Amino acid sequence: MTTSITKNRTVKRIAIKLAVAVFWLAVWQVAYLITAQELLIVSPVRAFLRLLELSGEAKFWQAIFSSCSRIVSGFILAMFTGIFLAVLTAWSRTLYALFSPILNIIRATPVASFIILALVWFHRDKVPVFLTFLMVTPVVWVNMYSGIQNVDKNLLEMAEVFRLPLLKRISFIYIPSVMPYFVAACSNGLGFAWKSGIAAEIIALPKSAIGKQIYNSKIYLETQDLFAWTIAVILLSVLIEHAAMWGLRRLERKIVKGRL
Amino acid sequence: MADCLSLSVVSKAYDSGPVLLGFSYTFPAHGCVALLGTSGCGKTTLLRQLCGLEQPDRGDITIPSASKLSYIFQEDRLLPALTARDNIAAVLNCNIRAAEALAEQWLERVGLAGEGGKYPAQLSGGMKRRVAMARALAYGGNILLLDEPFKGLDLQTKQEMQNLVLKGHDARSRLNILVTHDVEEALYLADRILILDGPPLTIIDEVAVDIPVHSRPQSEDVLVWHREYIHRKLKK
């Protein structure tokens, strides 16, 4: 009985998602029909067909792989730095006061300024990694900091009374409490990572990159290529986000269970 | 009295004012001492000082050497990510198999046999209370602090838990400090009752209940006298 209810709910959820996708594809198609200019908007069918065409080429996969590795590297680096800074600033108010202006500076500075500066400092291949790192670190930091601040103080007191060792406190109290914030950080951070990483690639034009292909499609006015590459970025972003969430859930269960 | 838990001229103040002001008391080595007073008089603050969750602004707290202290909090304070069994096992300092076996034993003693695999969110309020009690008892120790531990339990479960926590042989060999504002509960379980007022926390009177704990329900006439005496003191 429970299985059947769960199945029904899953089917309903998928149906809703499909309906939403169909609705927005229809809006896109209507916009295409209204403008009636392929240079401005290509039809959804044309864009997906072009994506299919591109996926048959080796350089497509090279670009996908190179961009993914750059963006994921920057993202992972940002994760570690963000978590480290969150722990540090949650632990000491002085360190919070010392590091928090960096957040405001990064938020206020235009991304393009960082890209140009990074082009001066690093090889063009490294610029997207640096930019992704720079844009994602504050997102992770802020989310994780809030997570640590919101850990249930009653549970920490309980741990204190029962003399729970630090590793048990981290596994049983901090990680489960911080996990929703970490998931939000990953979800938002991945979105930022793709946006900033691809933007950096468009300006830095590293060897073999999605950003470079988008730049070329702009130069040669190949709107269908622009749409096809953009769809590829969206699909990659969603795919990686889902994989990351799945991995995180498994990791949390393992950590909590493994520490007993 | 060097081996007794004691407070000597302890003071503690919050923004709202002093809660403890030169408070002194020496607890006996074992038995049950009930701290009886109205809500907000400073009973919980006293317990928090005793277990080291808060430090006094002034004064000394002497804890006998080699003491192990356990605590049944006012709230359940169960780890939401762990099952009832694992919540108990988590505080035990032995290997996982032994800890889980001991946890199961304690769950059985609190009437929750077969419920060990459930998470706190899947348990009722009363069941969570009992898991919290099982955790504190499984942890052991020679001092048990109880902050209104039987609040929210139905009458039958309450009596079962009172008997388990405070009337067993183990219970009488350790020091139990019971915070309550229920006169009946204090009379039923304690050897000494501190009638408190505050803040700042003040001992109005100390009543020794000289009836063996197991024969209390039968000694109704003596209890009536105590009950009336305590109520008179509380009214003052």
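This is a predicted model: local features need pLDDT of at least 70, side-chain atom pairs count only at pLDDT 80 or more; totals for chains, interfaces and linings use all residues.
Chain A contains 10 helices and 0 strands. Read from the N terminus, its elements follow the order α-α-α-α-α-α-α-α-α-α. The C-alpha trace of chain A extends over about 70 × 60 × 35 Å along its principal axes. Chain A has 260 residues, of which 38% count as buried. Among the contacts in chain A with a separation of 6 or more, 72% are between residues 24 or more positions apart.

Two helix pairs of chain A were examined in turn. Helix α3 (residues 58-91) and helix α4 (residues 93-108) of chain A pack at an angle of about 130 degrees, and their axes are 5 Å apart. The angle therefore makes α3(A) oblique to α4(A). On the side of α3(A), the contact is made by A:Leu85, A:Leu88, A:Thr89 and A:Trp91, and on the side of α4(A) by A:Arg93, A:Leu95, A:Tyr96 and A:Phe99. Sorted by class, this contact of α3(A) with α4(A) comprises 6 nonpolar, 1 polar and 1 charged residues.

For helix α5 (residues 111-121) and helix α6 (residues 127-149) of chain A, the packing angle is about 135 degrees, with the axes 9 Å apart. This arrangement is likewise classed as oblique for α5(A) relative to α6(A). The crossing in which α5(A) passes α6(A) is right-handed. From α5(A), the residues making the contact are A:Val111, A:Phe114, A:Ile115, A:Ala118, A:Leu119 and A:Trp121, while α6(A) supplies A:Val127, A:Phe130, A:Leu131, A:Leu134 and A:Met135. The contact of α5(A) with α6(A) has 11 nonpolar residues, with no polar and no charged residues.

The largest nonpolar core has 136 residues, and those with the most contacts inside it are B:Phe27, B:Leu35 and B:Ile193. Helix α8 (residues 166-204) of chain A gives the most to this core, with 13 residues. When neighbours within four places in sequence are left aside, B:Phe27 is in contact with B:Cys4, B:Leu5, B:Leu7, B:Val33, B:Leu35, B:Leu50, B:Leu175 and B:Ile177.

B:Asn176 is located in strand β7 (residues 175-180) of chain B. B:Asn176 has a relative accessible area of 0%, and is therefore buried, the cut-off being under 20%. Apart from neighbours within four places in sequence, the residues in contact with B:Asn176 are B:Gly31, B:Cys32, B:Val33, B:Leu144, B:Leu146, B:Val165, B:Leu166 and B:Ala171.

With a relative accessible area of 22%, A:Leu205 is partly exposed. B:Val9 is partly exposed, at a relative accessible area of 48%.

How values were computed:
Residues are numbered from 1 along each chain as its sequence is written. Chains are lettered from A and ligands numbered from 1 in the order in which they are written. Side-chain values use heavy atoms; hydrogens and water are left out. A nonpolar core is a set of buried Ala, Val, Leu, Ile, Met, Phe, Trp, Tyr and Cys residues joined through side-chain atoms within 4.5 Å. Buried means under 20% relative accessible area, exposed over 50%, partly exposed in between (1.4 Å probe, protein chains only). Helices (H or I, at least four residues) and strands (E, at least two) are DSSP runs, numbered from the N terminus. Contact means heavy atoms within 4.5 Å. Axes are lines fitted to C-alpha atoms, for helices over the stretch in contact, and angles run from 0 to 180 degrees between N-to-C directions. Angles under 35 degrees count as roughly parallel, over 145 as roughly antiparallel, 65 to 115 as roughly perpendicular and the rest as oblique. A crossing is left-handed if the near helix is turned anticlockwise from the far one by less than a right angle, and right-handed if clockwise. Ala, Val, Leu, Ile, Met, Phe, Trp, Tyr, Cys and Pro count as nonpolar, Asp, Glu, Lys and Arg as charged, and the others, Gly among them, as polar.
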